[in-house]
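Here is a short report for a first look at this structure. Keep the view open as you read.

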Amino acid sequence: MAVKHYDWKLGQPLPKIGTHSIAKHDVFASYIERYINILSSNPRRRELNLTVVDGFCGGGAYQNGSTIVAGSPLRVLRAVKAAAVGLTMTRQNEFAMRAQFFFIDKRREHTEFLSHELMNSEFGKDVGNSITILTGLFEEQSTEIIRAIKARGPSHRSLFFLDQYGWSAVSFATIREIFADLRNPEVLITFSVDSLIDYFSDATARTMGGQAIELDPAMGDVIRALKTEQGQRQVIQGMLYKHIICSTGADYYTPFFIRSADSRRSYWLLHLSKHTRARDEMARLHWSMSNVFVHPGDAGFNALGFDPSINLDQAKLEFDFGVDARKDSLAAAIDQLPRLVRDDAPDAATPVTIGDLFRAHCNETPLTFDLVSEAIVQLRDAYSEIDVFTEDGRPRPAAKALSWTDQVRNRPQKSFIRKLGR
Ligand SMILES: C[S@@+](CC[C@H](N)C(=O)[O-])C[C@H]1O[C@@H](n2cnc3c(N)ncnc32)[C@H](O)[C@@H]1O
């Protein structure tokens with residue numbers, strides 16, 4: 001499938017935007033607002049130093065029917081501004097949002113168009129100050145940007161939005177550099193799995209694109225053996241899953257597909273981070289935007305790996321983060337948790353911290369911490385299979401919500417109801 005390209009040129013009509021791209025912008029904006037609110041939740045924090053990098057920024061505006069809508073640069077600028085205004089209004093103490101923005105595009109017409117858009121926006125006075133617009137390949141600018149982030153202080157808080165067209169414009173070497181050099185980076189990257197499937201041949205791993213993402217030639221044989229698109233997607237997801245975790249230096253990730261209703265194709269929106277809380281927040285965002293994202297795997301834990309014993313050509317209902325997916329996820333977590341608790345505990349008498357359990361398994365599941373907590377509460381209250389303790393070893397009162405530092409232990413007898421197969 002050819003990936004649709006957008007063109008911006010001063011004096012020319014704007015490119016048209018699809019609903020899936022608006023949904024992607026909504027994810028960018030919502031995540032930024034959640035990110036800033038979480039990092040500023042401690043009232044003693046008086047300032048936040050953040051760098052936002054939009055590495056494939058485009059011209060900054062689109063035609064959507066009869067209206068003009070903002071592209072990713074204005075969406076990220078407005079999201080940071082909205083979060084900062086919200087904090088200033090609710091805080092008793094002063095709060096300073098110290099944000100720097102880098103917008104990069106390889107085409108001069110696009111950066112010219114963007115400069116014009118931003119100069120005519122509420123951010124006009126920030127261009128050349130907190131806003132830097134660069135023309136060039138993201139790959140060629142990234143080292144300098146990393147240096148600039150490091151020069152701003154020790155926290156290195158940075159969000160990289162890498163909205164590439166296909167799947168090979170950002171090399172894994174560059175992502176490794178971001179995660180190796182910075183303390184607190186997060187990367188949101190689009191990855192057109194469908195075009196990788198279409199393009200895949202014996203030679204792909206040897207092409208520049210294949211080398212950029214360090215493809216394993218053995219992947220081609222597995223993909224060709226599969227007949228359904230759903231099966232292919234799941235294999236690519238499963239194989240790239242391990243590959244990305246091993247090759248990018250990120251510890252946590254969410255790899256779900258943004259559904260593209262217009263073209264009936266989907267692409268991956270990958271979120272990579274070093275923090276389990278960041279990962280959990282992104283997963284919560286997926287659930288809050290149900291029907292925008294799909295995940296070709298199962299509900300519950302171990303849902304993203306590639307299990308060769310499963311017949312991937314068999315059609316399955318789509319996991320769309322909707323009401324049914326939630327029910328299935330809860331049921332799967334209730335079924336799987338006692339086994340995970342048993343396997344993760346050093347012995348049957350020693351409880352496991354829920355945060356540790358979640359950290360160890362969250363990369364392989366669409367479950368959030370809240371869903372896991374809900375499953376644990378049911379296993380305690382409805383099935384009497386699990387005991388929950390506070391950090392200092394006291395039983396957690398029944399009505400209380402669970403915390404990351406709470407601990408769980410299996411009761412010696414499996415519940416009678418579940419033994420009967422419920
Ligand atoms: C999908 S558009 C992104 C649009 C923008 N992120 C938005 O959502 O409004 C991709 C943009 O990346 C630019 N581009 C393509 N390859 C690039 C590269 N290697 N480095 C920087 N920009 C690139 C294209 O010129 C195009 O403007």
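Where is His 295 found? His 295 sits in the loop between strand E10 (293–294) and helix H11 (323–344). Helices (H or I, at least four residues) and strands (E, at least two) are DSSP runs, numbered from the N terminus. This is a predicted model, in which local features need pLDDT of at least 70, side-chain atom pairs count only at pLDDT 80 or more, and totals for chains, interfaces and linings use all residues. Residues are numbered from 1 along each chain as its sequence is written, and side-chain values use heavy atoms, with hydrogens and water left out.

His 295 is buried, at a relative accessible area of 1%. Buried means under 20% relative accessible area, exposed over 50%, and partly exposed in between (1.4 Å probe, protein chains only). The side chain of His 295 reaches the backbone oxygen of Asp 298 at 2.7 Å.

**The ligand**

Of the 18 residues around the ligand, five come nearest: His 25, Phe 56, Tyr 62, Asp 105 and Asp 163. A residue is near a molecule if one of its heavy atoms lies within 4 Å of it. The table lists polar contacts, which are pairs of N or O atoms within 3.5 Å; within protein, one must be able to donate a hydrogen and the other to accept it, and residues adjacent in sequence count only if both atoms are side-chain atoms.

| Residue | Part of residue | Ligand atom | Distance |
|---|---|---|---|
| Asp 105 | side chain | oxygen | 2.6 Å |
| Asp 163 | side chain | nitrogen | 2.8 Å |
| Phe 138 | backbone | nitrogen | 2.9 Å |

Taken alone, the ligand exposes 600 Å², and the protein buries 95% of that. Accessible areas come from the Shrake-Rupley method with a 1.4 Å probe; for residues, only the protein chains shown count as cover.

**Helix H3**

Helix H3 (residues 108–119) has twelve residues. Its buried residues are His 110, Thr 111, Phe 113, Leu 114 and Leu 118. Why are they on the same side of H3? They cover an arc of only 160 degrees around the axis, taken from the directions from the helix axis to the C-beta atoms. Their cover includes strand E2 (61–64), helix H2 (72–90), strand E4 (96–105) and strand E5 (131–135).

**Tyr 6**

Tyr 6 lies in the segment before helix H1 (19–39). Tyr 6 counts as buried, at 13% relative accessibility. Among the residues it touches are Tyr 62, Arg 107 and His 110, not counting residues up to four places away in sequence. Contact means heavy atoms within 4.5 Å. The side chains of Tyr 6 and Ser 21 are joined by a polar contact of 3.4 Å.

Conventions: Expected span 1.5 Å × (residues − 1).
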